[in-house]
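User: Hello! I would like a close look at one part of this protein, the neighbourhood of a single helix packing. Could you walk me through it and then place it in its surroundings?

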Amino acid sequence: MIKGSLQLAARTAGSFIQLAKDALDERTGAALPITKEQIARPEVINDLLTRYPPVSGRTLPPVLAVRLPGVDFESSNCINFLIEVDFDLEADLEANVETDASPRALPKTIYVKITCEERTTRSFAHTLGFWSLETTFCERAAHAVPIRVPRVYAAAQKGARFVLLLENLHEIPGAELFINRDMAAGTTPERAERVLTSFAEMHAHFWDWPAEKRDALLPLEFNTYLAPRSREMTRALNASALTPALRNAPELLSPELGETYRRAIQKWDALLDNWYSGPLTLVHGDSHLGNCFEYPTDAGTRVGMIDFQATHWSKGIRDVQYFLINSMDPELLAEHEARLIGFYCNALAERGVTLTLEDALEQYRAFSFQTWVVGVVPLGLGNLTERNETVHAITERSTAAIERLGFREWLDAL
């Protein structure tokens, strides 16, 4: 634990140094933009589209004009907003003629994600690397995901700043996007089945890839649980959150639950060995309802995913339990839990992947601690991450799951 604490302190200090370097670079024009006004200029957008396209290649023509319509979106750690754009249609037409391509429909708006201005959150994000992870996913992996995700126009990361230019999903006819308040309100078993179907489609596509192939798409260095420079740091971070979380939310976390949490931290290496023994697949990692969207197709309503700040290689059940525990009322979930897990196993089987219900239930029980941690850490370190009614709701649900599933008993036998 001491090693992890030292790593956390060193990387946090390094993050603040990087913030200072970014500020110096801004004076010379070498830093990425950090405000909406800096982004909303044609020369900036064109530079991003040219210098930072995804591996699938540039998809938009030059931009002639950019406007801020005043449309912002909620986020716990970055600034999300829309820009309106006018494209150089003549240049696009010439390109289509040269390549024999058919005329295409261009977006009216672009969804932009940039670094927040609050220094403590910026340092925390840079220390843990989840902005770098999402940027890397958008640059390298988004095009390979078989379910619907936002199209990537540009993915830039430099120092402790990042910029993503993405498809505005609100332009999809009939699309329904969800937010954290929808997750806190709770979803239905019917919608859960649609989400689990998309999980199965994504997981089956990447199921049991060899390590070299996995690392080429999304390197191990971004896995905060397994990467050599992050493994002990993550353990120390999770441990440091418990005492203040017990103090801040005694109505959610009893001393007995605190002891279960401590025992899990003590058995950290055994937990990791269990969680990542394979077969592994690409998981979303933050797979609650607020990161899902629905859209109509000829075959019925489908579900896509957004916000890949926690994506990594894990067991597919990791997404399943995270979604069900966080997004459903505990009593309703208890009634449908085993059936929904079986539904996911059947959806995998339809795509050529075998996961028995017995193994899925065991994995579900084991991973319940990861979901619980995601609630406990914001309660203890509320100045670094979001802390509101949504965090309260998911912690209440994940605590109920820890007790309902008998995680303490499973841990004692590990």
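Is the crossing in which helix 14 passes helix 15 right-handed or left-handed?

Analyst: Happy to. Helix 14 passes helix 15 in a right-handed crossing; a crossing is right-handed if the near helix is turned clockwise from the far one by less than a right angle, and left-handed if anticlockwise. Please keep in mind that this is a predicted model, where local features need pLDDT of at least 70 and side-chain atom pairs count only at pLDDT 80 or more, while totals for chains, interfaces and linings use all residues. Residues are numbered from 1 along each chain as its sequence is written, and side-chain values use heavy atoms, with hydrogens and water left out.

Now to the helix pair itself. Helix 14 and helix 15 (residues 357-380) pack with their axes 9 Å apart, at an angle of about 125°. Axes here are lines fitted to C-alpha atoms, for helices over the stretch in contact, and angles run from 0 to 180 degrees between N-to-C directions. The two helices are therefore oblique to each other (under 35 degrees is roughly parallel, over 145 roughly antiparallel, 65 to 115 roughly perpendicular, the rest oblique). Helix 14 brings Leu 333, Glu 337, Ala 338, Ile 341, Gly 342 and Cys 345 to the contact (heavy atoms within 4.5 Å), and helix 15 brings Leu 357, Ala 360, Leu 361 and Tyr 364. These residues divide into 8 nonpolar, 1 polar and 1 charged, where Ala, Val, Leu, Ile, Met, Phe, Trp, Tyr, Cys and Pro count as nonpolar, Asp, Glu, Lys and Arg as charged, and the others, Gly among them, as polar.

Helix 14 has another partner as well. The axes of helix 8 (residues 189-206) and helix 14 (residues 330-349) come within 9 Å and cross at roughly 35°, and this crossing is right-handed. On the helix 8 side the contact includes Leu 196, Phe 199 and His 203, and on the helix 14 side it includes His 336, Arg 339, Phe 343 and Tyr 344. By class, the contact of helix 8 with helix 14 has 12 nonpolar, 3 polar and 2 charged residues.

Helix 8 leads on to a sheet. It lies across strand 7, strand 9 and strand 10, running at about 60° to strand 10. These 3 strands form an open antiparallel sheet in the order 7-9-10, with strand 7 and strand 10 as the edge strands, each pairing on one side only. Strand 7 (residues 176-177) meets strand 9 (residues 292-297) over 2 bridges, and Leu 177 has Phe 293 as its bridge partner in strand 9. Two strands pair if DSSP finds at least two bridges between them. Strand 9 and strand 10 (residues 300-305) share 6 bridges, and a hairpin of 2 residues joins them.

Two loops leaving these elements have a backbone feature to check. Asp 208, in the loop between helix 8 and helix 9 (211-217), has a positive phi near 60°. Asp 307, in the loop between strand 10 and strand 11 (312-314), has a positive phi near 55°.

Notes
Helices (H or I, at least four residues) and strands (E, at least two) are DSSP runs, numbered from the N terminus.
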